[in-house]
Amino acid sequence: MAKSPSTPIHLIVVLLVTYFVCTMGKSNALTCPLPPELAAKLHVDPAAIDSASTDYGNIVHSKPAAVLYPSSIEDIQRLVKSSYNCPIPFGISVRGNGHSVDGQDMARDGVVVDMKSLRENKTGIKIRVSKNHLFADVGGEQLWIDVLHTTAAQGLSPVSWTDFLYLSVGGTLSNAGISGQTFLHGPQISNVYELDVITGKGELVTCSKRNNSDLFDSVLGGLGQFGIITRARIALRPAPTKVRWSRAFYSNFSDFIRDQERIVRGGQRDVANYLEGLLMFDNGTPTEWITSFFHPTQLPQIMSLVKTYGILYCLELTKYHFIEDIESEIDQDLQQVFKDFAHVPGFIDAKFVSYQEFLTRVPNVENESQTHPWQNLFIPQSRISDFNVGVLRDIVLKRNITTGPVLFYPLNRHKWDAELSAVIPDEDIFYTASFLHTSGIDNWQVYDDQNKAVIKFCEEAGIKIVKYLADYTTIEEWIKHFGSKWTTFRERKAQYDPKNILSPGQKIFNGV
Ligand SMILES: Cc1cc2nc3c(=O)[nH]c(=O)nc-3n(C[C@H](O)[C@H](O)[C@H](O)COP(=O)(O)OP(=O)(O)OC[C@H]3O[C@@H](n4cnc5c(N)ncnc54)[C@H](O)[C@@H]3O)c2cc1C
């Protein structure tokens, strides 16, 4: 039998990769030969390992055995197949942009696929039109900031965003992707037409609501458990040119939520295109989210209001301006909206900014000496006043340690597709509360304690909160989290990732 002339080199590469991976890994997780095509792309040097052992939270640290820098989708497929075919499969986590806060993007003793190497190929975002549908085919590795720039250059835009755009498309679609547009358009996972996914068996599958719908529904909000998103077809609309951006302060919680809910229940774009809320606590300096919006001369008065009331509630809404709109009419519309609202008189401000300026309002700042003990919750509307008293006033205000923005705004259930994996409260309206703490390397524990106290209070008071970007570590907690969706979630895992290879950092099927 004739031998291929490349066989000896091929064999050496296989052995070398196996050797590198096995010698540095502390467990026997990577005991199988990896494909020679991956040899140059698999890194086991300390710099690569360290980069994949931490994330934005900077609290959980977990070392992989190797990091893959793929240059093609086939590279990822090869890696998944080798784990699937290995008698002892190894875990594989995708690192979209490493902005998890609890190690969800890590793979202890397994392989982290760092998607940033795919972003070097600049062809990851393609705008298309089909049967009157406008959409962009976007690589799962792409950042939303690049989706914004590419689509805006064509006068187009996705409809549903996150507050911060240096997040990957695959990463936010594995969670939900929420922001002030969610009340009107649903989360980002409600605005996807089609996906390409590499399953835990290494198969590349195209799926949509019509085609392989089970896989499509599983992956959206699926915490990376069923497949690796390599392409998402995202709905586009004509982009607004400008945004009328307004904020108004409330000293009274009931007034604040009543006015927020009026907008959400109406759900009409002629009232607002974006709605959020920000809380200010009487604990020192205001966050940049406040100082960057209001004129410096207004700040002393705002701070004095916070001192008086302990918590100041800030309603934030925007109205989009399209090319055909007349500015003064938009102003009149907004004045009409605020006319009936019960905000503190005089404490309202508005400005016109470009659409891109508005969407890029949260800067990309990273600081390795900080930690981020965040907590994001969904709270049923029927218990929101109890949450205000028991959590905002009795825990957060009294402990007086909160740093960083606290976001608080309502969402409506009917904009979420119940078939998808994401979990939300069982009420028409629910609130999101995001405690986006920043702390030092050594003092995140006090924030973690506060986060736990919030959960304990809600449990004891019977408030059925749902954690967004959940950080559970036991199967019992996950079963409770998914509730009635758990059986389907588990069955789909068995179908699409039967060897529990994908996203071990979520600690659902792999334990601590
Ligand atoms: C500063 C900041 C602001 C944020 N703002 C918002 C916000 O406004 N709204 C909001 O909804 N969220 C927000 N988030 C949370 C964000 O959505 C999550 O952190 C999410 O994980 C996206 O981050 P990432 O792209 O870096 O993904 P990673 O952290 O890298 O990955 C997250 C999870 O998704 C999996 N994953 C990543 N890529 C893929 C893929 N292609 N296919 C399958 N699985 C994949 C990973 O394995 C991991 O389990 C924010 C986070 C930060 C740090």
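Task: Determine whether K63 is buried, partly exposed or exposed.

Solution. K63 has a relative accessibility of 46% and therefore counts as partly exposed, given that buried stands for under 20% relative accessible area, exposed for over 50% and partly exposed for what lies in between (1.4 Å probe, protein chains only). The model is a predicted one, in which local features need pLDDT of at least 70 and side-chain atom pairs count only at pLDDT 80 or more, while totals for chains, interfaces and linings use all residues. Residues are numbered from 1 along each chain as its sequence is written, and side-chain values use heavy atoms, with hydrogens and water left out.

The next step is to look at D50, which is likewise partly exposed, at a relative accessible area of 44%. The side chains of D50 and K63 form a salt bridge with an N to O distance of 3.4 Å, where the term requires a side-chain nitrogen of Lys or Arg within 4 Å of a carboxyl oxygen of Asp or Glu. Because D50 belongs to helix α2 (residues 46-51) and K63 to the loop between α2 and β2, the pair ties together parts that are 13 residues apart in sequence; helices (H or I, at least four residues) and strands (E, at least two) are DSSP runs numbered from the N terminus.

**Further salt bridges**

Task: State which residue forms a salt bridge with D282, and where the two partners lie.

Solution. The partner is K307, with the closest N and O atoms 2.7 Å apart. D282 sits in the loop between β13 (274-281) and α10 (288-291), whereas K307 sits in helix α11 (residues 299-309), so that the pair links distant parts of the chain, 25 residues apart. D282 is partly exposed at 26% relative accessibility, and K307 is exposed at 58%. Over the whole model, the count comes to 31 salt bridges.

Task: Work out in what order the 4 strands of the open sheet stand, and which of them are at its edges.

Solution. The order is β1-β2-β4-β3, with mixed pairing, two strands being paired if DSSP finds at least two bridges between them. β1 (42-43) and β3 (92-95) are the edge strands, each having a single partner strand, so one side of each is left without a neighbour in the sheet. Within the sheet, strand β2 (residues 66-68) and strand β4 (residues 111-114) run parallel and are joined by 3 bridges, and A66 stands opposite V111 in β4.

**Cores and domains**

Task: Identify which residues touch the most other members of the largest nonpolar core.

Solution. A nonpolar core is a set of buried Ala, Val, Leu, Ile, Met, Phe, Trp, Tyr and Cys residues joined through side-chain atoms within 4.5 Å. The largest such core holds 80 residues, of which L173, L195, F249, F378 and W416 touch the most other members. Leaving aside neighbours within four places in sequence, W416 is in contact (heavy atoms within 4.5 Å) with residues including A176, P187, F378, L411 and F430. A second, separate core of 41 residues includes I263, A272, L279 and F281.

Task: Describe how much area domain 1 and domain 4 bury between them, and how many salt bridges are counted there.

Solution. An automatic or database domain assignment supplies the bounds, which place domain 1 at 7-118 and domain 4 at 370-471. In the interface, 7 residues of domain 1 are in contact with 10 residues of domain 4. The buried area, that is, the accessible area (1.4 Å probe) that two parts lose on being put together, summed over both, is about 710 Å², 58% of it on carbon and sulfur atoms. The count of salt bridges between domain 1 and domain 4 is 0.
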